[in-house]
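User: Please go through the structure below with me. I shall ask about one topic at a time.

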Amino acid sequence: MFTATGDVTARRDGRRPHGVRTGDTGQWWRDAVIYQIYVRSFLDSTGDGIGDLAGVRAGLPYVRKLGVDGIWLSPFYPSPQHDHGYDVADYQGIDPLYGDLAEFDRLVDDAHTLGLRVIIDIVPNHCSSEHRWFHDALAAEPGSAARSLFHFAEGKGERGELPPNNWRAMFGGPAWTRVPGRDGTPGQWYLHLFTPEQPDLNWRDPRVGDHFERILRFWLDRGVDGFRIDVACGLFRHPELPDSDDPGADERARDAVNPLAWNQPEVHGIWRRWRAVCESYTARDGVDRLLVGEVSVPTAADQAAYVRPDELHQAFFFHLLSAPWDAAIFRKVIDDALRDIAGTGSTVTWVLNNHDQVRTVTRYAGDSGAAGAARARAAALLMLALPGAAYVYQGEELGLPEVELPDEVLTDPIFRRTGDRRFVRDGCRVPLPWSGHASPFGFTGADGAAAPWLPQPGWFAHHTTDRALGDPGSFWHLYRKGLELRRRCRGASGPGGLHWFDTPPGVLAFARTDGLVCAVNFRGDPVPALVQAVPLLTSGPWTPGTLAANSAAWWAIDDLPEL
């Protein structure tokens, strides 16, 4: 891991400099493993039932012990919390729920001292309806400069009573909301592709781009190592905002599907500008500042357009996350990614879990539910063996299943707007269990503490971090050992990074060019192992010569009789 050093580059503004750590290679991100922290559910230091930055800071030694290279923090900005921080009211501050800028600076310092990178979430597609800009827009006349920062338009119909087009919002309902005019009569409509509390910014107004460049520099000057970009395929809409042939596509899929609203060609110019900003900091110390995008597009080839050498460094490859537990589908997804994404000179950014998706233990469970944990363990070894970078979501290393919550405690705006539970995200966001046998499971240790903001089930007692660290066979130790072995044989990125072996149906096996061999049995019955040698690491029980059902194993290339 990296260690802190006194050799630093001075900041322009005189505040704490960005550390240059011993052992840094400039392109550290190419094979990094980043731990995603959903701040409000990680660790509560104040007793209000909501995680905070001081809690993150207190938990950094735990993250460091796991063996990852850095952390990604979910939004912590001032926000009315309609979408738990993805509705930002001030991009250069800290919500009092989470702390203040001084606490943030201490967190960055401590993380760097431990050799951990710090990546923060940034939300450029939309802001909060409580943002000063939007308040000014509501108070301004139609056609004003203040309204030009958003998508305001006249309605259709005799009196403008119909929305400007037929688009539906991803989180349910019309994508337009009407506002009163200055005289109190119904006036213009504004566009929001998520919720009315998240008005879309108009990136065709150059002031928006100028403002976000200042935001990037504000956080880079505070020492952050990069940005995770929310909805990176968004920002621009079709300039004419025409009706869609399938207006409800986003609402049905809960994803960026409408081709008129997403993946517009102009967005690539923004990422080139942001890359240039990051490169200006790299020029000072030779260490990259990362841009990693949430890019939801149909194919790996579409995603490759976002990670060209002068755009984003990385984009999350969600096709692996969305793949069912099937060897042939996994093989195709991996091949597509290595061909199209790694072919740009970037590396694939693999992910199995995040704060928006059902956890793998539940997702892979199958009809009986019994196979979920075994498959999730095998998938973890598969992901960590693949060339490129990987992201691990908090609790993934504990083997947490999805939590089934009753309707009355759900907070997700998707449920509040639609009443539909199918895409509700609260179940993967329940506060982490740290210790003990009952809620709050060490999530908050303050006297008189409030209950966690989402209720923790009693069975969390079997998944606490204390218990996991003490059990050599736990998910946590599997991840730790996998990360340790991965560091020993780093390399193998780009085209030609894998050699596939011939295997029976339902089994995948490959060798990386750095000598790591991985085999995964997707079947419900054991199969002959690739080699007889004892594996370096297995996700399940090991019987000599046999790869157990729903399991994975790693060997060194030297263990193979022949390649």
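User: Phe460, buried or exposed?

Analyst: Phe460 counts as buried, at 1% relative accessibility. Buried means under 20% relative accessible area, exposed means over 50%, and partly exposed lies in between, with a 1.4 Å probe and protein chains only.

User: And how is Trp459 classed?

Analyst: Trp459 is partly exposed, because its relative accessible area is 33%.

User: What are the ground rules for these values?

Analyst: The model is predicted, so local features need pLDDT of at least 70 and side-chain atom pairs count only at pLDDT 80 or more, while totals for chains, interfaces and linings use all residues. Residues are numbered from 1 along each chain as its sequence is written, and side-chain values use heavy atoms, with hydrogens and water left out.

User: How many aromatic pairs are there?

Analyst: The count comes to 35 aromatic pairs. Rings of Phe, Tyr and Trp (its six-membered ring) pair if their centres lie within 6.5 Å; planes under 30 degrees apart are stacked, over 60 edge-to-face, and the rest tilted. One of the pairs is Phe171 with Phe194, edge-to-face, at 5.1 Å centre to centre and 80° between the planes.

User: Where do Phe171 and Phe194 sit in the chain?

Analyst: They are 23 residues apart and link distant parts of the chain. Phe171 lies in the loop between β6 (152–153) and β7 (176–180), and Phe194 in the loop between β8 (186–191) and α5 (206–220). Helices (H or I, at least four residues) and strands (E, at least two) are DSSP runs numbered from the N terminus. Both Phe171 and Phe194 are buried.

User: Back to Trp459 and Phe460: why is that pair edge-to-face?

Analyst: Their ring centres are 5.2 Å apart and the planes stand at 70°, so the pair is edge-to-face.

User: Which charges lie over rings?

Analyst: Arg237 lies over the face of Trp262, 5.1 Å from the ring centre. Arg363 lies over the face of Tyr364, at 5.3 Å. The criterion is NZ of Lys or CZ of Arg within 6 Å of the ring centre and within 35 degrees of the ring normal.

User: New topic. Where is Asn550?

Analyst: Asn550 is in the loop between β20 (546–547) and β21 (551–556), and it is buried because its relative accessible area is 9%.

User: Which side chains does Asn550 make polar contacts with?

Analyst: The side chain of Asn550 makes a polar contact of 3.1 Å with that of Trp325, and one of 3.1 Å with that of Arg375. A polar contact is a pair of N or O atoms within 3.5 Å; within protein, one must be able to donate a hydrogen and the other to accept it, and residues adjacent in sequence count only if both atoms are side-chain atoms.

User: What is the strand order in the barrel?

Analyst: 8 strands close into the barrel in the order β3-β4-β5-β9-β10-β11-β12-β13, with parallel pairing. Two strands pair if DSSP finds at least two bridges between them. Strand β5 (residues 117–122) is joined to β9 (residues 226–229) by 4 bridges, and Ile122 has Ile229 as its bridge partner in β9.

User: And the open sheet, parallel or antiparallel?

Analyst: That sheet has 3 strands in the order β6-β8-β7, and the pairing is antiparallel. Its edge strands are β6 and β7, each pairing on one side only. β6 and β8 pair over 2 bridges; the partner of Phe152 in β8 is Tyr190.
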